[in-house]
Amino acid sequence: MMRLSCFCQHLSMDSAFKSPLFHPTTSFSRSQVSFPFFSFQTQYLTLNKPPTILRCSNSSTISSTTNGNNNNMAGLPVKKKRKRYRKQYPGENEGITEEMRFVAMRLRNIKGKKVSSDTVSDSETDTENTPSDQEKEEDSETLKSGENGGDGEAETWSPTMEGFLKYLVDSKFVFNTIERIVDESDDVAYAYFRKTGLERSAGLSKDLEWFSQRGLVVPETSNPGVSYVNYLEELAEKSAPLFLSHFYNIYFSHIAGGQVIARKVSDQLLEGTELEFYKWEGDVQESLKDVRKNLNMLGEHWSRDDRNKCLKEAAKSFKFLGQIVRLIIL
């Protein structure tokens, strides 16, 4: 193709500089003749049919032809790329509280086997706050034997009066703190969680007074309660979503697992007496449902990153609560 192009250009240049040939029996006419480098008016012979002027194709012509072929191919059916969607977290369709419930399930042991820990993907979340394997094991044992009333060690779970009083004191410190933060904060997100009907600090005060009247010494707040309260106060100033993750799980754990503790303590230590800590006015499940609804509503406006952090905080909440529950058997 390159040789033909050069040959045609050579012929065109020769034709441009040679004098036109004349035939005595032909007539002349004036016409515009174009060459690759210039154009001019000239006369050429008019024969029985119009003369043919050859021009070599340049690169632009070839390019346009190629583009034309490509345009023709555009009409053919094109296979579209398949759009990839992010894999959803367990419970994500129902809300952040359901996602946190799956975190609690992950920390449990079911029939001696640990639930797969991939319910919260470490590749998509910040691993800095991920509990260690030892912490997960401790939390799962706590949830199994105390908060969630599982089998196994729960059968030999033996509370002491001294440990139970420490548990009540630390629990009162925690409930006082979260209720005070929600009531006093200017953050509009906290306004949805005031006067929920789940408040526990007033009932705990009555219970501790009842023990005191029977000559039992009410201890000071211990390290697990102090550590958790300090963490909650710092978290409340930093992030409402993260604090509310703890807020919800504290009540959820007490309602779900507190009944197990109440029955065992009542049977073994209190001769069947039911404490105010385990009594609610109205339907506690309906109150918890309202809290869950409000938290899910707020969670819809949180980024996926914030929701992931909330799941990490849920695991931390169970860790702190587990340390307080273990006071009962000390």
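The structure is a predicted model, in which local features need pLDDT of at least 70 and side-chain atom pairs count only at pLDDT 80 or more, while totals for chains, interfaces and linings use all residues. Residues are numbered from 1 along each chain as its sequence is written, and side-chain values use heavy atoms, with hydrogens and water left out.

Ser317 lies in helix α10 and is buried, at 0% relative accessible area; buried denotes under 20% relative accessible area, exposed over 50%, and partly exposed the range in between, with a 1.4 Å probe and protein chains only. When neighbours within four places in sequence are set aside, Ser317 is in contact (heavy atoms within 4.5 Å) with Tyr228, His246, Asn249 and Ile250.

The chain comprises ten helices and four strands, which are DSSP runs numbered from the N terminus (H or I over at least four residues for helices, E over at least two for strands). Along the sequence, these elements follow the pattern α-β-β-α-α-β-β-α-α-α-α-α-α-α. Of the 330 residues, 41% count as buried. Among contacts with a separation of 6 or more, 74% involve residues 24 or more positions apart.

Tyr228, His246 and Ile250 also take part in the packing of α7 against α8. Two packed helices are described by the angle between their axes and the distance between the axes. For α7 and α8, the angle is about 140 degrees and the axes are 6 Å apart; axes are lines fitted to C-alpha atoms, for helices over the stretch in contact, and angles run from 0 to 180 degrees between N-to-C directions. The two helices α7 and α8 are therefore oblique to each other, given that angles under 35 degrees count as roughly parallel, over 145 as roughly antiparallel, 65 to 115 as roughly perpendicular and the rest as oblique. Helix α7 contributes Tyr228, Tyr231, Leu232, Leu235, Ala236 and Lys238 to the contact, and α8 contributes Ala240, Leu242, Phe243, His246 and Ile250.

Phe243 and Leu244 are among the residues with the most contacts inside the largest nonpolar core, which has 65 residues. Such a core is a set of buried Ala, Val, Leu, Ile, Met, Phe, Trp, Tyr and Cys residues joined through side-chain atoms within 4.5 Å. Helices α3 (96-106), α5 (161-184), α6 (201-213), α7 (223-238), α8 (240-268), α9 (284-299) and α10 (304-325) each supply at least two residues of this core, and its largest share, 13 residues, comes from α8. Leu244 touches Ala189, Tyr190, Phe193, Leu295 and Leu298, residues up to four places away in sequence not being counted.

Lys195, in the loop between α5 and α6, has a positive phi of about 50 degrees although it is not a glycine, and is exposed at 73% relative accessibility. Glu271, in the loop between α8 and α9, is likewise not a glycine and has a positive phi of about 55 degrees; its relative accessibility is 80%, and Glu271 counts as exposed. Pro90, in the loop between α2 (59-73) and α3, is partly exposed at 27%.
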